[in-house]
Amino acid sequence: MEEATTIAAIASSMNDAGIGIVRVSGPKALEACDLVLTDASMKHTLTERAANTIRFGYVLREDGSILDEALVSVMRAPSSYTGEDVVEINVHGGAFVLRETLRRVLSGTKGMVRAALPGEFTKRAFLNGKMDLSAAEAVQDMIRAQNDFALQNAERQLSGVLGKEVRRMRETLLHETAFIEASLDDPDVYAEQLEGYGERLRSVTEALRGDIGKLLDSAAEGRLRKDGIRCAIIGAPNTGKSTLLNCLLGTERAIVTDLPGTTRDVLEEQLQLGEWMLLLSDTAGIRKTADAAEEIGVQRAKETAKEAALLFLVMDVTKVPEEAKEVLSALPEQTPVIAVLNKADLLDDASLSQAKERAQVFLEEALSAGEAGRELRLITTSLLNNEGISSLSDAVTELFLKENTAAQGEFFLTSERHREALLQTAEALKRTEGGIAEGVSEEFLTVDLMEAAASLGRITGEDVSEELIDRIFSDFCMGK
Amino acid sequence: MEQSAYDAVVIGAGHAGCEAALAFAKRGLRTVVFCLSTDHVAFMPCNPHIGGSSKGHLVREIDALGGEMGHAIDRCFLQSRMLNRSKGPAVHSLRAQADKKQYSAHMRRVLEQNPNISLRQAEIAEILTDRGEDGRPYFKGVVTRTGISYPARVCVICSGTYLQARCLTGEVITESGPSGQPSATLLSSALTEIGVKLRRFKTGTPARMDGQSLDFSKMERQEGDVPVIPFSFDTEPEEVQKEQIPCYLTYTNERTHEILRENLYRSPLYAGVIEGVGPRYCPSIEDKVVRFADKDRHQIFVEPEGADTTEMYIDGMSSSMPEDVQISFYRTVPGLEHCEIVKPAYAIEYDCLAPGQLTLSLESRVCKGLFFAGQINGSSGYEEAAAQGLYAAVNATAQVLGGEGLFIDRAEGYIGVLVDDLVHKELWEPYRMMTARAEYRLLLRQDNADLRLREKGYAAGLVSEEQVARARWKKERIAKEMERLKHTRIGATETVRVFLEANASAPIRSGTTLAALLSRPELSYEMLSALDTERPAVVSREKATGTDLLDEEVTKQAEIEIKYEGYLSRQEQQVKQFRKMETRRIPADISYLSIKGLRKEAAQHLESFRPENIGAASRIGGVNPADISVLLVYLEAAEGRAKGGRTDGDA
């Protein structure tokens, strides 16, 4: 009775180290996963595999390269958790890999798979008779709880740019559709205004598709996850910049000496820090120098800082603010800063907290941070002793996600559902343009326009049909 | 005193009542129809036309089901137009100006000539009920104001805008029904006594003017279509070709709006005198001026009320302003400078059902055998009313004679959309049909209403053997013709090249089919006859029916189905999804408030509308997808327990 779609979600906690699981369930689970998975021999497809088997294989990127190794288990209906065909993809536990794997399953399978709704696996398990009837109430509660949780998450995400944009786009679509409906309903009054309307509508849908593209590209979530966050490690000489890099990488990538000015070029590294992929650039210490080679390094450091999305400002906690002047003048405006107050081991607890407070006041002023200003976080570290790295990772998460992500992957799934909805909106708009190009009359165009508005409505949780009727009456003077 | 000869009672002889009475009578039920004035059967107290966008669809559907409205308007129209002709077929809609007097006379005659129908002028004062074995009240009969009781099995109440009606023209309030008719003052309390809940709705109508006082030379003339297309599938096109009467178009202007704004304080609506909720799709002119302040003019249509009267209807300018204000603002409109008002505009308030009191058969939830149709259900419009009258009567008949009754879903007809919305929505204003309300409107065309609904009308006993045979033949013939078009190959010959070039259509490189060419926007079925050498002859409907020949209705359908195949098949996919939800029934005795995990808001809404199935539940306001999931799990568990079936998870 329920539509027999195939659904996917991350089925393990996002925090677990080790192995994480992406679960795919539904009639097309095997067929779909064959498009994004391969077994080690690259010979056998999942559709051919026997039930209840696990094999080693790979998750493939769009270009066919390997995203991660995976253990892939296949269960067939009705002998699975949900009672449907199920594929479980066990990948290395990092949040990044898990998410990329889910994203591949959702977007690389020709529309066969959609993101699971809150509690949907369990609901299916129940409806397919996989659970004792006495579990019904527990299942009902679980659906409710997960849905409330997802709604809260969505709410948080939507309070930002995405929400505003989605609502604006939805308004635009409803207004255009309402105009078409008004003119079809009352042709004596509005029909003339439909002349040449296709071209006007096309400019609207094209603009909207552009906006959706930008949203998908530039939404902090989307692009940062795809490309990583470009970070510059910056600071006065010999504050511990290269040590920070090495701590993060866990290797001796940069040459560390206690001679100021050792790093004369920009070093780049890519690493996974908790949730995030960071593209790290270690830079030369910034100071006035007569050394020509060092001066070039300083210039490069300044340029690197300009391109970065995040600055790690490394400072000697004992020398704030004395040595900071030269460095601060090199920082671009607005870019968020995490001030790493290093060498905490040189101070006792009391003087450290005093020093931190002083630094806070000084930096807020100097970097024009604070309310509505630049984002600033302060952490103290003792990099020599490898202490404080976790607070660094927390600060990144705080800055870029603004919310705790400890929540079972639902957060990401919420945004993945949003992404899916945006892509569907863009497709529906594209079809509208196809219709305009063919010269079909407006009542056909509304089929796609309404689909586009409905897709956006899935993001904001708003129904379309009643609202359209309201819009017809509120935007256009109807009735004779 | 008791009159005992009746099976069915119809209260009200408006558009709903007439269709209801005829539907009963066709099945042999002895039917008594009560109205406040037998001289006002099928009276049109507001606009003088039938049909229009989406309403034209309703008339076609009523006709396909065996109703009378289509026949009636085909005989009484003054002018007819197919709206949206330049658009696709789904939004083509017939609209005809009616001769009001003729229309009423026609309906009265049809009712009077039917041996199963008795027409009575009486006001109903009491509804008699009793309790059945299940403890539930059921309908037993009615008592007139003058004390005569009429026992019967079933009743359809079609009280229109007459219940506790009052009309407002400025400060003047008249306790009366529309157009000076009496109001029904006793039925409301009779209904509340048996547990029916009522509320107030409001609507309005513009002034009628003496045509001799108008200067039509200052207005644009609007002519009817030639040739006229009939409403009814039974009417032969030749029968409706006749001389037509024009309508006129003029505009309001800044001066009109100024007068309205200056006098707003005298409008009962803005002064807060009117309690009822008025419709947004039919705003009064003062409403338009306030709500659309940036519009510098509004269109006004001047339409005849009949062939033998000079009265004209001023469409687009309804108002509840005092008459002196009306005179001054109407006279600012070009052509209306010297207008003489025959009947001033007024707003009318009336009782109708509060939401959530009907089943999908349009039967009361508190009283078995008591059905409702028309404006009392919160709708507006003659066509909406007529559709409900027929629908309710068929379902009431099923209660008397047994059988399935009539059910139409949202993907089968506008009537289905109408009934589903009236039953499940919390309406805030009188409900008017719109094509935008029909999710699957590309499939619900006025041109295929017979293909969609004739079988249902036949099953309901309202459609004759001959009528259904015609629809069945048509269906088969269309399918066959489509097959032929899909399989007839067209080679890339010189003749074809020349033909395509002449019609500004892209050349073909290799062979193709007639269907592929027909799907090109620039080519029509008729044009393709040049290439279609094996096409059967296209003859009249009469000659074609039952044979291998074609008629225009068949070729039109084949053309539409092929031309719009892409969009139509997408809608068919949507319908499949929709039906899956629609077929999942919800037991009638479910108690939503006790379901764990269901949000309180959702439970309350579900409790008050008590949807029949999961699809309907999902359309109720305040119910979200997670609520539906919870409901499904609950139903599954409840049914599992009832069957004593599943107890273990690994079954």
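## Helix α2 and its setting in chain B

Student: Which residues are buried in α2(B)?

Tutor: In this predicted model, a residue counts as buried if 20 or more other C-beta atoms, placed from the backbone, lie within 10 Å of its own, as exposed if 12 or fewer do, and as partly exposed in between. Helices (H or I, at least four residues) and strands (E, at least two) are DSSP runs numbered from the N terminus. The buried residues of α2(B) are B:Lys55, B:Gly56, B:His57, B:Leu58, B:Val59, B:Arg60, B:Glu61, B:Ile62, B:Asp63 and B:Ala64.

Student: At what pLDDT do side-chain atom pairs count?

Tutor: Residues are numbered from 1 along each chain as its sequence is written, while chains are lettered from A and ligands numbered from 1 in the order in which they are written. Totals for chains, interfaces and linings use all residues, whereas local features need pLDDT of at least 70 and side-chain atom pairs count only at pLDDT 80 or more.

Student: At what angle do the axes of α2(B) and α3(B) cross?

Tutor: Axes are lines fitted to C-alpha atoms, for helices over the stretch in contact (C-beta atoms, placed from the backbone, within 7 Å), and angles run from 0 to 180 degrees between N-to-C directions. For α2(B) and α3(B), which spans residues 69-76, the axes come within 7 Å and cross at roughly 115 degrees.

Student: Which residue of β9(B) stands opposite B:Val142?

Tutor: In chain B, an open sheet of 3 strands has the order β7-β8-β9 with antiparallel pairing, where two strands pair if DSSP finds at least two bridges between them. Strand β8(B), residues 137-144, pairs with β9(B) over 3 bridges. The residue of β9(B) opposite B:Val142 is B:Tyr150.

Student: Which helix gives the largest share of the side of chain A that touches chain B?

Tutor: The contact between the chains takes 43 residues from chain A and 48 residues from chain B. On the chain A side, the largest share, 8 residues, comes from α4(A).

Student: What is the radius of gyration of chain B?

Tutor: Chain B holds 20 helices and 22 strands. The radius is taken over C-alpha atoms, and the globule rule is 2.2 Å times the number of residues to the power 0.38. Since this rule gives 26 Å for 651 residues, chain B is as compact as a globular protein of that length, with a radius of gyration of 27 Å.

Note on methods. Contact = placed C-beta atoms within 7 Å.
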